[in-house]
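Here is a short briefing to read alongside the sequence and the coordinates. Keep a viewer open and follow the topics one by one.

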Amino acid sequence: MSQLIMSRRTMLRGLGTAIALPVLDAMIPGRLAGAEAKAAVKAIAPRRLAWLYVPNGIDMQNWTPAAVGSSYELKPILQPVAEFRDRFTLISGLVCDKANPHGDGGGDHGRASASYLTGAQARKTEGANLKCGLSADQAAANKIGHLTKFPSLELGVEDGKQTGRCDNGYSCAYYHTISWRSETTPVVKDCDPRSVFDRLFSNGDPRESAESRARRENDHKSILDFVLDDAGGFEKKLTYADRQKMDEYLTSVREIEVRLEKASLEPAAPPPAGAVRPDLDVHATTRDGTDKYAACLPLMIDMLVLAFQTDRTRIVTLPFADEKSNQTYPWAGANVPHHSTSHHMGDAAKKALIAKINTYHVEQLAYLLKKLDAIKEANGASILDNSLISYGSNISDGDRHNHDDLPQLLIGRGGGTVSPGRHLRCDDVPLNNLWLSMLDRVGAPLDRLGDSTGRIALA
Amino acid sequence: MAAAPAAAAGKWDDYHRTVQPFFAKHCFECHGDENAENGFRLDLIHDEASLENGAGALSKAFDKLAAHKMPPRDEPQPEAAEVAPVLDWLKTQLAGDPNGPINPGRVTLRRLNRAEYNNTIRDLLAIDLRPADSFPADDLGYGFDNNGDVLSMAPVLMEKYLAAANVALEKAIFAEPVIPPPLQSWEAATAEGTVPKSDPTASVTRGTPAVGGGPRVAILLGRIFNYSGEIHVDHDVPVDGEYVLRVRAYGTPGAKRDRPQVAFLVDGKMVQKPITVVEDQKNAAFDALDKIPLTAGRHRITLAFLNGATEEEYAAALRKTPAAAKPARMAVVNPNADDDDDKPAKGAAAAAVSPTGKPTLGVIGFDLEGPMAVTPDRMPESYRRVMVAQPSATVTKAEAAEKIVRHFASRAYRRPVRDDEVARLMALWAKADSDGRPFERSIDHVLQAVLVSPAFLFRMELDPQPGEAGGVHTLNDYELASRLSYFLWASMPDDELFDLAEQGQLHQNLDAQVRRMLQDPKSAALVENFGSQWLQLRAMANVAPDTKRFPDFDEPLRDAMTKETELFFNAIVQEDRSVLDFINADFTYVNERLARHYGIPGITGENFRRVTLPPGQRGGLLTQASILTLTSYPNRTSPVQRGKWVLENLLDAAPPPPPPNVPALAEGDKAETAGTMRQRLEQHRANPQCAVCHEQMDGIGFALENFDAIGAWRTQDTNNEKIDARGTMPGGHAFDGPAELRRTIQAQSEQFARCLANKMLTFALGRGLQPYDRRTTDAIVAAMKSHGNKFSAMIEEIVRSDAFQKRNGKPERGDT
């Protein structure tokens, strides 16, 4: 993998200043010819990672098949993605031990979202001294994020402002994200599809004159220079947690500065044909929350697709809902609060409701996969084939809150680096081993992350 | 807070002698090793050092022992004489040395949260924009979204800040003038000129369509130009300046579709290009394209019709077609004709062509507007608040810019801006100015930088000696002003607070300022931010009652429920009532929709009004439909959630979370488990692991069973069983129904006052409370008690506290 990245860089350097561009498939053939072009095209079809998360566990009896290998029986919850069964690996037997209490008592939901991508034990606190670990998506962004406008995108649907208290002694920060930029900095997610759209395509109007654009970019740059200087001055006067806050600020400003630098090398690119700015106002206060959810999730998936399609980023996290979510799903035949119902105590009727919610979420996954599969890239494969998309939960059975035998799908071929279409049974292997295996395939290898102990063979 | 070694050793001796044996006897069985219940361990305190670090655990133990929640009731209970010395010792230790200085704690650098950002922009710029509504949600710590520790920064937020600064300043600086420039108008009908005057009183009457579906023929209005000519006025221009000339006219094109053209002349000279009058425009006003400079003094303003027939051609045409001879039948399409439902047929315009075949024109009037220069007095408050200086003959651009920047940054940073900061801001301004952009644009640029700088986005409290073992210090007056204004208004300080800070008089005038601020309408922020989070009222926006089971529930009801609680809370603040009214007030606010829900007759309309409640059913927060709904499931009530809500939010006695891997209560839908809600919950409590907490929660929740899942009164449950609303408090006090529940909680006034004080102090400080804060809450509760539990007594005592006015240079890590 690293070989490919190297060759890509080498090649791009030869192409001159357009290099910081997301590689447009139309750009290559004109510059290179014949076998060289083919090789280049193959090398540069970007590989992407996405993590989709569902809370409160899964009705596992309707998820995990008995047989392993390629001829397993697809259980009911996974029926909506049946047409993609040769494109995903169903992995069972994964475990996330850091979601277990280890003496910290209740709070399995907060620990589950916090440890999912970090493999780290969340420090039990309602606010002071938050601590978890670097998450897999952010680790990948550290390595390959510089190749795109956004190193990573953190999307979501439930923005948490209405959930009130996140009890059990864990701050809401542990519930509301699965992405951690460092062990002390959770990454806030964007739950407004319109905002995501505007951010993706904010590098200007193609009709804008070069002069006007240059001035606008200059203005932004001089403002950022100024505040960086300002913040640097304050940072010296701050100590302890205050300083950490100023570090977060500086990091944020620098990231935007880098993005502006990249943007100034790109032509202003309009959204692809057919992409429209979402017309959902998620901030409208009077709208019924249930409707809003059903409208928002598909739009957010559209944004994920757009981000991949236009290569604005190669790394996305998208929790379909937050841990302990009590979202109701009347349109899916489950007009019950998700979390409370997940404590089904073995009751068949409740489990059936949970299965309905699970199935609805998998239908949304199917919607995503169809869209990604419909977009062909420079190397002739679809975005789906070139990506690795994880779909899962860090709670197995919602009633028991157990963090072993976790539900997990790995979708996509990762540019031909995995062999999907089978049920792979692991024996209590850390979830983080899977993340490392994913990172390997996008050129972001790490020795270890959180509680990882190795890799999982996916090919 | 390292105590002297000797003292530490003495403390350990006391602990070892008095407390540890008690813990060993009554607590260690469940809290004495790594398998401890709920992960809570008391055995970790085993020497001087671990005792110093164990304040959090001891504080928790104290609370449980004092409230008789531990040991569990099915375990042997300690004798009163046995527990008393332990409680005494813990209380003394936790409060710290009662005669020593109070540790004020240390608040982490706080980023403005969404509400604070919105309000600060509102007060800084005098605009109503709420840009932060589209920011990502802020996380909560200790129940509130103003907690410095969890308010993190991220690139997505930084993007939003940049965009918001741009939009807010655009709105503030580049606003339309609220007072338009002076306007002088003339009627065309009677002005002097070379075409015949018309009847100034002629008014429009609706024309009837001409025979054959032609256009509505005009009833003439204004001055009719059947041929080229001019009209003019002589006008005294008051001052030198730029002016705009405008003609209000209509016309009919000529046979070649050539449209009438007019031009303005000043003192006989054409001052701009001719204006084309488009005939199909209604009530058209045509501006001259350019502003024209005029000097003060008398000028002749002439309006000339350029491309009509000559007078002779017109006369000749009249002779040929005498039918059109009457001037009042001149063919000009009336621009005011109502053609919405009756469009002129094609060829209509041709039918209306004048007999000469040249365009004709009707002029209603013409205007001179100006001088156009934007003077601050004509601009909205937002502009004047920012643009406090203008370049002029005596003030250079740089001087004006510096005055603006200094003034703006000092307000945005909520402290006097330093000279070095001004110098850097001015360097930024000079760079923007050097490319020749207009003055306002260069100001806009530098102020955007102010609005994304950390001094604006964060509430900074700098330590005098950062990095050193700085001790406790008193906040300066500016820092205190911000603490006050963000506590009570969720916004920046106003001019009065700034003035007091500047004079160094704020510390001396705190009580008066608190009273003034609570009376100010901006204190509604306390409801929106403190109240809505304390009561979890924000969840109302997301509750989704099952409309099959509760067809009554609709959006107006959702809004009314929320509004009731907000108005009720606000009344307690504004009228400075006893906080016990939260529990058992005999009044509330309803509109027609909510009154119907409550069965209160005689209320009509959408407006809310205050009503006195009859004794029995409702009173206080607990029986408001909002609270009852947000503690229910979509399809039914939950005594567990209601009980938990009371314990958490009114009594500060939150039950511990369910133990890991033991399922929470089976909250059944109707038929799965037999029996009433009460019977089902009682079955559940047969499990002793569940019973210890559920007895407390359920016992309270049962008393509210007369209210259904959307807070309507009922006497039978969904299985048509009569409601049994008997319940018990933790500790065993029994009661029946909501009124007795309220009286029971009211009787625990000190516990409620402490609960509210804890939450309010957490909100006021923006940090979680620590064991050493107990002396502060003790003082608040005492002050409340001696002032009839008045709301203001709580706020004033918080503001007086060291925790509010001081800051520890070093963080503490006393809590777990």
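In this predicted model, Y142(B) is a buried residue, because 23 other C-beta atoms lie within 10 Å and 20 or more count as buried. Y142(B) sits in the loop between α6 (114-125) and α7 of chain B. Its phi is positive, at about 55 degrees, although Y142(B) is not a glycine.

**Backbone features to check**

- Most residues other than glycine have a negative phi, and most peptide bonds are trans.
- K324(A) is a residue other than glycine with a positive phi, near 70 degrees.
- The loop between β6 and α11 (338-342) of chain A is where you will find K324(A).
- K324(A) is buried, since 24 other C-beta atoms lie within 10 Å.
- In chain B, the peptide bond that runs from G370(B) to P371(B) is cis, and its omega is near 5 degrees.
- P371(B) belongs to the loop that lies between β13 (360-369) and α10 (381-386) of chain B.

**The sheet of chain A**

- Seven strands of chain A make an open sheet with mixed pairing, and their order is β3-β6-β1-β7-β8-β2-β9.
- β3 (153-154) and β9 (422-430) of chain A are the edge strands; each has a single partner strand, so one side of each has no neighbour in the sheet.
- β3(A) pairs with β6(A) (residues 315-319) in the parallel sense, over two bridges.
- Within that pairing, E154(A) has T317(A) in β6(A) as its bridge partner.

**Strand β8 of chain A**

- How many residues of β8(A) (residues 406-411) are buried? Six of the six are, so this strand is largely enclosed by the rest of the structure.
- Both faces of β8(A) are covered, with L406(A), Q408(A) and L410(A) buried on one side, and P407(A), L409(A) and I411(A) buried on the other.
- β2(A) (residues 88-95) runs antiparallel to β8(A) and is joined to it by five bridges.
- Opposite L409(A) of β8(A) stands L90(A).
- β7(A) (residues 387-392) also pairs with β8(A), in the antiparallel sense and over four bridges.
- In this pairing, I411(A) of β8(A) is the bridge partner of I389(A).

**Helix α16 of chain B**

- Which residues of α16(B) (residues 495-502) are buried? They are L497(B), F498(B), L500(B) and A501(B).
- Viewed down the helix axis, the buried residues of α16(B) fall within an arc of 165 degrees, so they line one face of the helix.
- These buried residues pack against α15 (477-488) and α17 (510-519) of chain B.
- Just after α16(B) comes G504(B), which has a positive phi of about 70 degrees.

**Where the chains meet**

- Chain B gives 69 residues to the contact and chain A gives 74.
- On the side of chain B that touches chain A, the elements giving two or more residues are α7 (155-173), α12 (419-433), α13 (439-452), α14 (454-457) and α19 (555-574) of chain B.
- α7(B) provides the largest share of that side, with five residues.
- Sorted by class, the side of chain B that touches chain A holds 36 nonpolar, 16 polar and 17 charged residues.

How values were computed. Residues are numbered from 1 along each chain as its sequence is written. Chains are lettered from A and ligands numbered from 1 in the order in which they are written. This is a predicted model: local features need pLDDT of at least 70, side-chain atom pairs count only at pLDDT 80 or more; totals for chains, interfaces and linings use all residues. A residue is buried if 20 or more other C-beta atoms lie within 10 Å of its own, exposed if 12 or fewer, and partly exposed in between; C-beta atoms are placed from the backbone. The arc is that of the directions from the helix axis to the C-beta atoms. Two residues are in contact if their C-beta atoms, placed from the backbone, lie within 7 Å. Two strands pair if DSSP finds at least two bridges between them. Ala, Val, Leu, Ile, Met, Phe, Trp, Tyr, Cys and Pro count as nonpolar, Asp, Glu, Lys and Arg as charged, and the others, Gly among them, as polar.
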